[in-house]
Amino acid sequence: TSDFSMIIEDVFSIEGAGTMVSGKVQSGTVKIYDKAEISGIHPTRKVKIADIRTSSGRIKEAHAGDTVSLVLVKAGMFQAKIDVTQIAVQEKLELG
């Protein structure tokens with residue numbers, strides 16, 4: 001995963017899947033099980049990518065230019081606090 005960012009264009013909940021955010025990957029690559037941060041209007045939230053979906057089905061990773069929906073692990077509790085135009089980015093690693 002490198003320099004992943006995606007502007008969130010839609011947020012929705014799918015029964016049995018959880019909270020999903022969709023948009024176009026602006027840069028980098030994201031894979032299933034990667035950690036990410038949702039930042040913008042609300043305080044930054046750390047999430048884990050449980051699944052990546054496209055209009056043609058599930059994929060293991062998405063790259064810049066791909067339009068995707070990301071299923072977020074345990075994100076349902078804060079779906080109402082994810083807004084369109086927020087940004088999903090690769091989680092910053094703590095060095096220490």
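In the predicted model, a salt bridge joins the side chains of Lys 31 and Glu 61, with an N to O distance of 4.0 Å. This pair connects distant parts of the chain, as Lys 31 belongs to strand 3 (residues 29–31) and Glu 61 to strand 7 (residues 61–63), 30 residues apart. Lys 31 has a relative accessibility of 35% and is therefore classed as partly exposed. Glu 61 is likewise partly exposed, its relative accessible area being 29%.

In total, three salt bridges are present in the structure. Beyond the pair described above, Asp 51, Arg 53 and Arg 58 are linked in a salt-bridge network. Asp 51 pairs with Arg 53, the closest N and O atoms lying 3.1 Å apart, and Asp 51 also pairs with Arg 58, for which the corresponding separation is 2.7 Å. Asp 51 has a relative accessibility of 10% and counts as buried, because buried denotes a value under 20%. Arg 53, with a relative accessible area of 22%, is partly exposed, whereas Arg 58 is exposed at 61%.

Definitions and conventions. Residues are numbered from 1 along each chain as its sequence is written. This is a predicted model: local features need pLDDT of at least 70, side-chain atom pairs count only at pLDDT 80 or more; totals for chains, interfaces and linings use all residues. Side-chain values use heavy atoms; hydrogens and water are left out. Helices (H or I, at least four residues) and strands (E, at least two) are DSSP runs, numbered from the N terminus. Buried means under 20% relative accessible area, exposed over 50%, partly exposed in between (1.4 Å probe, protein chains only).
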